[in-house]
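The sequence and structure are shown here for reference.

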Amino acid sequence: MEIINEFPKWKPLRYIVKRFKNNVYEVRYQALKNSSSSFIKRLDVRNYIFKKYNNQCTNCGSIENLTIDHIVSIYRVAKNKLDFEFLNSEENLTVLCKSCNSTKTPD
């Protein structure tokens, strides 16, 4: 596994930024969802976040079926026009097992 000392930066494409500024919530949400999904699937991002949380669920401590999750959801960022750069920041990503992730209350 590659050692990463600095959190990888999310650099959304210009058209994502433009679509985020759109007044239609669905356009903002879809733009962020697609770009964010690609970012959190990157190996360097996954390695960094999993290492930060010791390869365990931050809710129950499980080490099985781990996923990366947004603390403040894509939905909330898009709906409330929050700072889109916060969405995929180190502070907004955590590790949850699939069980804990599936029991979260939707925003």
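Predicted model: local features only at pLDDT ≥ 70, side-chain atom pairs only at ≥ 80, totals over all residues.

Because 5 of the 5 residues of S1, which spans residues 66–70, are buried, the strand is largely enclosed by the rest of the structure.

S1 is joined by 5 bridges to strand S2, residues 93–97, and the two run antiparallel. Within this pairing, Thr67 stands opposite Leu96 of S2.

The largest nonpolar core has 25 residues, and those touching the most other members are Phe7, Leu32, Phe39, Ile49 and Leu93. At least two residues of this core come from each of S1, S2 and the helices listed below.

| Helix | Residues |
|---|---|
| H2 | 25–40 |
| H3 | 43–52 |
| H4 | 74–79 |
| H5 | 84–87 |

When neighbours within four places in sequence are left aside, Leu93 is in contact with a set of residues that includes Phe7, Phe39 and Ile49, and also Ile68, Asp69 and His70. Among the other contacts of Leu93 are Val45, Tyr53, Leu87 and Asn88.

Phe7 and Asn88 also belong to the lining of the second largest pocket, together with Pro8, Lys9, Trp10, Glu85, Ser89, Glu90 and Glu91. This pocket holds about 180 Å³ of space, and its lining comprises 3 nonpolar, 2 polar and 4 charged residues.

Definitions and conventions: Residues numbered from 1 in each chain as written. Heavy atoms only, no water. 1 Å grid on protein atoms, 1.4 Å probe; cavity = no way out; pocket = protein on both sides within 12 Å on 5 of 7 lines; lining within 4 Å. Points joined across faces, edges and corners; volume = space filled by probe spheres on them. Nonpolar A, V, L, I, M, F, W, Y, C, P; charged D, E, K, R; others polar. Buried < 20%, exposed > 50% of the residue type's maximum accessible area, 1.4 Å probe, protein only. Helix = DSSP H or I, 4+ residues; strand = E, 2+ residues; numbered from the N terminus. Pairing = 2+ DSSP bridges. Core = buried A, V, L, I, M, F, W, Y, C linked by side-chain atoms within 4.5 Å. Contact = heavy atoms within 4.5 Å.
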